[in-house]
Amino acid sequence: MARERQRVFLLALCLLSLSLARAQEGPVIRSEVDTTNIRIGEQIRFTVRVEADTTAQVIFPEGQTFAPLETVEALKTDTTIRDGRMELIKTYALTQFDSGNYLLPTQRIEVDGAGFFTDSLRIAVGDVAVDTTAQKLYDIKASREVEAPPMRLWPWLLGLAVLALIGGGVYYFFFREKPLTEEEQEALLPPYERAMLNLKKLEESPYLIQDAFKPYYTELTGIVRSYLEEEIEVDALESTTDQLITKLEIMRDAGKLNLEPGTLIQFQKILQTADLVKFARSRPEMKQAEADREAIRNIVERTHEAIPEPTEEELLQQEAYREALEAEKRKKRLRIAGISLAGVLVLGFVGAVSLYGFQTVKESIFGSPSKSLLEGEWIASSYGYPPILLETPEVLLRQEVPEERLIKAGIQDMDVFMFSDPGAGVSIFARSMAFADREKEPDFAQNVEEVLTQMEAQGAKNLITKQEEYETKSGVKGLKVFGSGRFTLPDSDEQHEGEYTILIFGGKGFMQQIILSWRTDNTYNEATIERILENLDVKLSV
């Protein structure tokens, strides 16, 4: 029994020792590629495996660290835990667009602050074979002018139709002189003419034929009371018969109404008869009713004649009131017109945005520095010697270069020209130089490195660089380096997304360089740069 316990103890001790020994093992780094031979544009898969303790902090390389190969994609890290150890697998998709043999450089893997390096590998990139027996070759066709595509007019016609419809509706409902109804025409008549017209209508009414004395006298007294209230400004509609007669007597005694006493007595009798008909159901003779109507007609005429002529002060007050009323009407029309115009503008803006997009509408209304550059008058000129031929929105201005700087760099002569528009975010730089040593060949790679270093010193970040051979429209070949990044605006800490292109040409004893950079937040800059590149050319004679 004791021996059995001893064997169990020794076995446990061995297992513990093995576990501790494995835990103390350092990280293991392995790398591999799925192939070492690809064709131009194909991709290889470069995989890095890191085996380390589960508490280890592992940092893989990021960005363009595989030059001269280009990183297409960095896949997500795959993590596996097994036997107390952690295995991390990181895969990169790489490619190259030029044929040749390339060295995949070693990559630094950082584990808990310590650096570990992968093996370097040789990658062969071959040309894509073209079977000329199966695929015929043809000469390049000459360019020819084509007619511009027809302008799409229907959105504009639709917009104009909508605006015309809205404008017509506003005019019809708010500004059109509408024909007056009969009631409105009657309301515009002076009180005297309106009273006489209503008495004429009452005479032609069928009330008396139908023995309808109550509505007859109600309308008769209403006509005269309304007339008195408007003409002599007395509270007639809400007054009883006695109250109305008393008010008229007071106005007569005050000299405001030149009526004979007999006229007021006659008027009082007619009002009393009307009261009896309306409230006591009295039925007068038809002749009396007709006589009362004629008497009211005479009273209206006498009252109209008895009203004194208005004084000059009253006329001025009436004119001032009329002008104030007209001014208020004009203000009302202006308010309606303003609201209608605002509605039309809002609807037009919404319609334009839906058809053409907010950015296009905004730039069409408020303008855009980028659009002004593209659509302005361009200038074709030659810069420096050997000459660089450029067509640009503005003339490039000569920049002074210190002579001691040229001597130090072994340059006999240098011409530098530049144009920059911070508002549009476009910069154009041209430089032509002649070396002191006429047999010296230009170092394109070194020149590109100097330009990129200078761009980073000016605040550029996250620069992505690609390069390819470039050929001008006259057949001159050079190097094109291009890419994107974040650039700092002049006299500001603000950064923006942008792109750049570096073009380098040269031969024995000279070198020419063009640098273009632009913001990528609108389509106008892209079109501007494209136009510059289409017309760019250089001459290699010195």
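Trainee: What does Glu32 count as, by relative accessibility?
Mentor: This is a predicted model: local features need pLDDT of at least 70, side-chain atom pairs count only at pLDDT 80 or more, and totals for chains, interfaces and linings use all residues. Residues are numbered from 1 along each chain as its sequence is written, and side-chain values use heavy atoms, leaving out hydrogens and water. Buried means under 20% relative accessible area, exposed over 50%, partly exposed in between (1.4 Å probe, protein chains only). Glu32 has 40%, so the class is partly exposed.

Trainee: Which residue forms a salt bridge with Glu32?
Mentor: A salt bridge puts a side-chain nitrogen of Lys or Arg within 4 Å of a carboxyl oxygen of Asp or Glu. Here the closest N and O atoms are 3.6 Å apart. The pair links distant parts of the chain, strand 1 and strand 3, 17 residues apart. The partner is Arg49.

Trainee: How far apart are the end C-alpha atoms of helix 8?
Mentor: Helices (H or I, at least four residues) and strands (E, at least two) are DSSP runs, numbered from the N terminus. The expected span is 1.5 Å times one less than the number of residues. Helix 8 has 21 residues, so it should span 30 Å. The end C-alpha atoms agree, at 30 Å.
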